[in-house]
Amino acid sequence: MRIENDLKLGFSDVLFRPKRSTLNSRSQVELTRDFTFKHSGSQWSGVPVIAANMDSVGSFAMAQALAEHQVMTAIHKHYSIAEWASFLESADEKLLNYVMVSTGTSERDFQKLTEILQLSSHIKFVCIDIANGYSEHLVEFVQKVRETFSDKVITAGNVVTGDMVEELILAGADIVKVGIGPGSVCTTRVKTGVGYPQLSAIIECGDAAHGLGGRIIGDGGCTCAGDVAKAFGGGADFVMLGGLLAGHDQSGGDIVEKNGQKFVHFYGMSSASAMKKYAGGVANYRAAEGKTVLLPYRGSVHNTIEDILGGVRSTCTYVGAAKLKELTKRTTFIRVQEQENTIFGREE
């Protein structure tokens, strides 16, 4: 047993220090990024925010809506081949530029991934997603997918330390997904005692990935637009959002009414709700590592994504970054013990 004494930080532990800026308006900030990915050689341009591959977030409807903002959606893995075929009938190449196909790591998952990718040559992104990215099986699966689909942009995760980021990139991943336990409906840290404060994970994993020419996604922990900006400031190339994009018309969750108000079910993909829905229940050898909540129904996602991106643009103006790409170079974080004045609570 050993203890690391270096302090690790989450988003609530810091604020941006403002800096002198030549920008006169938020409208001057460019949020699109251009990437060329290490292994696939593919090029991509867009706003590097991703809707999480949860079945009450990463829906086909979400992909269609967010593509209008050049924002990506990781489609959840529970759609059938027939549902994919129906979606792809009306999806043009522009839309598919902002779509990721999610998969697990079983042989059945590989066969399903193969069938989906055969439906359209325009699908560019694959997201290999398991809760514990430290499994040797993930590395082997990444190698298998890279050998089979050499032209695809492969994302793999989740991990929180630089050594595993490097191993996944060397195995064939273009992008590594970073985050264990920070999600709003994730209970991994409570059930297992395992995790890593998200901002420090992004800083350390980004450093490891960029040294090898890879990229990272900061996945989880964002409670507001300011947290999204902090993730970018810490070195995330992409930021994945779950709870912030849940509860909308396009999210795919079940809408229920209570006391005359509309709510939407939202749950973690390792929750009892998810396992009951897709696996018949929680296996007797494991514990559920997610919770189920009711979120107030929030209408269209367009207003929410515009608010989030507007917040990131505003961050850039405060630190003098004309482009999102420049934000991390213009970032100085200060340690704080308070974030906001909550005397009147939070705005509804």
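The model is predicted: local features need pLDDT of at least 70, side-chain atom pairs count only at pLDDT 80 or more, and totals for chains, interfaces and linings use all residues. Residues are numbered from 1 along each chain as its sequence is written, and side-chain values use heavy atoms, with hydrogens and water left out. Helices (H or I, at least four residues) and strands (E, at least two) are DSSP runs, numbered from the N terminus.

Start with H2, residues 81–90. Its buried residues are Trp84, Phe87 and Leu88. Buried means under 20% relative accessible area, exposed over 50% and partly exposed in between (1.4 Å probe, protein chains only). The three cover an arc of only 95° around the axis, so they sit on the same side of H2. That arc is taken from the directions from the helix axis to the C-beta atoms. The face turned away carries exposed Ala82, Glu89 and Ser90.

Now H4, residues 107–119. Phe110, Leu113, Thr114, Ile116 and Leu117 are its buried residues. Their arc is only 165°, which puts them on the same side of H4. Arg108 and Gln118 are exposed on the face turned away.

The axes of H2 and H4 come within 10 Å and cross at roughly 20°. Axes are lines fitted to C-alpha atoms, for helices over the stretch in contact, and angles run from 0 to 180 degrees between N-to-C directions. H2 is therefore roughly parallel to H4 (angles under 35 degrees). Ile81, Trp84, Ala85 and Leu88 of H2 make the contact with Lys112, Glu115, Ile116 and Leu119 of H4 (heavy atoms within 4.5 Å).

Note on methods
Angles under 35 degrees count as roughly parallel, over 145 as roughly antiparallel, 65 to 115 as roughly perpendicular and the rest as oblique.
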